[in-house]
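Let's take a friendly walk through a protein model, one feature at a time. Keep the picture open beside you as you read.

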Amino acid sequence: MTSADREIETDTDDEHTPETVDDGDTEDSDHAALVAELLDGRHRALARVITKIENRAPGYREIVSRLHEHTGSASVVGITGSPGAGKSTLVDKLAKAYRDRGETVGVIAVDPSSPYTGGAVLGDRIRMASNVGDMDVFFRSMSARGSLGGLSTATSDAVKALDAFGKDRVIVETVGAGQNEVDVVKTAETVCVLVQPGSGDDVQMLKAGILEIGDVFVVNKADMDGAQQTVAELEEMLHMRDEPTGGLQTGHHGPLSDASGDIGGGGAGSDTDETTLGDEEGDTDGWEPEVLETVATDGTGVEGLIETVGRHREYLVESGELDVHARTRYAEEIRQHLRADTAALLEDELAARGGVETLAERVVARETDPYTVADEIVGPLAECLRREE
Amino acid sequence: MSTQQEQGGRTIRCLIAKVGLDGHDRGAHVIARAFRDAGFEVIYSGLHRAPDEIVQAAVQEDVDVLGISILSGAHNTLVPKIVGGLEEYGAFEDTLLLLGGIVPDEDRAELKEMGVAEIFGPGTPMEETIEFVAENAPDNR
């Protein structure tokens with residue numbers, strides 16, 4: 001088995017997928033073979049790698065480590081919004097439009113899972129009607145299981161797998177409900193926030209964190225009543241956010257207010273808006289979030305969205321923001337791994353000391369206090385690190 | 001808290017698929033929901049899927065269990081296509097293939113020979129199906 005795997009690592013012309021996974025005693029070469037197959041374009045291997053990432057299966061870290069050097073070429077778009085806003089339908093149309101341009105697409109769709117049973121019905125796939133039978137759209141549903149800070153790690157690892165596989169575009173779709181989801185979508189370079197018309201409360205909800213992460217705001221179902229009002233409300237909120245800095249930089253505030261007036265007044269507003277923002281791209285003061293309108297069910301506005309996402313990417317590249325973004329993201333990843341790994345170490349140490357319940361018992365009995373317990377457990381670790389220096 | 005330890009038990013992933021022209025998915029819905037409540041992750045295909053689409057979904061989602069619901073009687077045409085597709089992608093071996101719906105007794109032996117692990121007709125108790133999945137789902141970790 002081992003020699004066969006080595007062979008596959010260098011020469012992967014073999015048509016049959018070798019049985020690499022069930023073999024316990026040659027795990028290292030199994031992982032190498034799986035990675036080689038993924039890089040060779042095998043869908044099965046890509047699917048299996050994502051499963052390992054999701055399950056935190058033994059060796060998944062090594063696999064992701066091996067993949068890392070092959071990543072960095074995909075452009076990653078995050079789509080978030082409240083349930084029913086039309087995310088999956090829009091993702092389907094986006095994927096189709098990218099495919100029509102000859103690009104390959106990977107999609108990660110994150111759905112909630114039950115905190116009680118861990119079970120989930122992952123329904124986003126039903127909407128992927130435009131891309132059936134097209135293996136160059138790789139669609140993967142993920143549940144938010146084991147999501148205590150792990151969801152964003154799992155998602156960004158899965159994005160790496162799609163990136164290394166050679167997908168030109170990766171779309172991450174998630175319900176914009178909480179911090180976890182916000183963290184997930186932040187792994188994307190361009191974040192689109194979907195809003196449906198007449199959702200005054202949703203727009204209110206956007207204040208709490210999601211407004212800040214959106215690069216593009218999309219009012220979907222724009223053929224419905226109240227779409228214009230939602231667009232106007234969004235524009236207003238975006239500018240409220242801008243005001244503290246906008247007030248300082250004169251000349252910046254003016255044209256934007258005009259744009260908002262146009263949008264509120266009539267349907268042709270978005271054009272004006274785009275040209276205004278286009279002019280500002282040369283400035284150094286960053287990207288102004290745009291508000292677009294789409295009707296995902298019939299594809300209206302999808303081209304405009306693609307164009308805006310493309311322009312945002314150009315902006316990121318030209319301004320150097322893309323590198324900054326990547327550094328920030330990897331820094332955060334490193335921190336997350338460290339937190340998780342040290343937490344695991346300390347968890348073991350806790351178990352070795354009779355478990356956290358025993359210690360809690362002593363705290364209840366006033367024999368000790370939580371700070372002292374923490375100091376006692378972390379003390380030796382800190383001691384070790386100091387000696388390293 | 002720790003990412004290493006939070007994945008104690010493995011989660012069984014299932015694709016519940018409606019293939020072909022029959023438009024009755026009440027049963028598929030009930031199964032999907034029962035599987036969810038049993039702690040499985042369920043991907044539902046939606047109605048009127050072609051065998052190719054089911055294969056694409058099963059491969060990409062890397063499911064442990066593929067449950068096909070066919071009420072139209074076209075199982076002898078549709079199942080071989082799905083089996084063939086799974087084989088093409090090397091996914092047949094480690095996918096537990098189940099069939100639900102109206103399947104005449106005389107077709108059962110042939111379908112099982114083809115690779116269908118079990119066939120659940122109308123009136124099968126839900127617990128029986130869930131138990132079968134829990135016991136027979138391949139460990140693909």
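## Where two strands meet

Val219(A) stands opposite Glu293(A), a residue of strand 8 of chain A. Strand 8 of chain A and strand 7 (residues 216–219) of chain A run in the parallel sense and pair over four bridges. Here, strands (E, at least two residues) and helices (H or I, at least four) are DSSP runs, numbered from the N terminus. Two strands count as paired if DSSP finds at least two bridges between them.

This is a predicted model: local features need pLDDT of at least 70, side-chain atom pairs count only at pLDDT 80 or more, and totals for chains, interfaces and linings use all residues. Residues are numbered from 1 along each chain as its sequence is written, while chains are lettered from A and ligands numbered from 1 in the order in which they are written.

## The whole sheet

The open sheet has seven strands in the order 4-2-5-1-6-7-8 (chain A), with parallel pairing. At its edges are strand 4 (137–143) and strand 8 (290–293) of chain A, each pairing on one side only.

Is strand 1 (residues 75–81) of chain A mostly covered or open? Seven of its seven residues are buried, meaning that 20 or more other C-beta atoms, placed from the backbone, lie within 10 Å of the residue's own. Ser75(A), Val77(A), Ile79(A) and Gly81(A) point one way, while Val76(A), Gly78(A) and Thr80(A) point the other way.

Strand 1 of chain A pairs with strand 5 (residues 169–175) of chain A in the parallel sense over seven bridges, and Ser75(A) stands opposite Arg169(A) there. Five bridges join strand 1 of chain A to strand 6 (residues 190–195) of chain A, again running parallel. In that pairing, Gly81(A) stands opposite Leu194(A).

The predictor's confidence in each residue is its pLDDT, from 0 to 100. Chain A averages 78, and 75% of the residues score at least 70. Among the elements of chain A, helix 13 (residues 302–319) has the highest mean pLDDT (94) and helix 1 (residues 2–10) the lowest (39).

Which residues of chain A have a pLDDT under 50? Residues 1–24 of chain A are one such stretch, and residues 245–284 of chain A also fall below 50. Where pLDDT is low, the predicted coordinates should not be read in detail.

Key. Two residues are in contact if their C-beta atoms, placed from the backbone, lie within 7 Å. A residue is buried if 20 or more other C-beta atoms lie within 10 Å of its own, exposed if 12 or fewer, and partly exposed in between; C-beta atoms are placed from the backbone.
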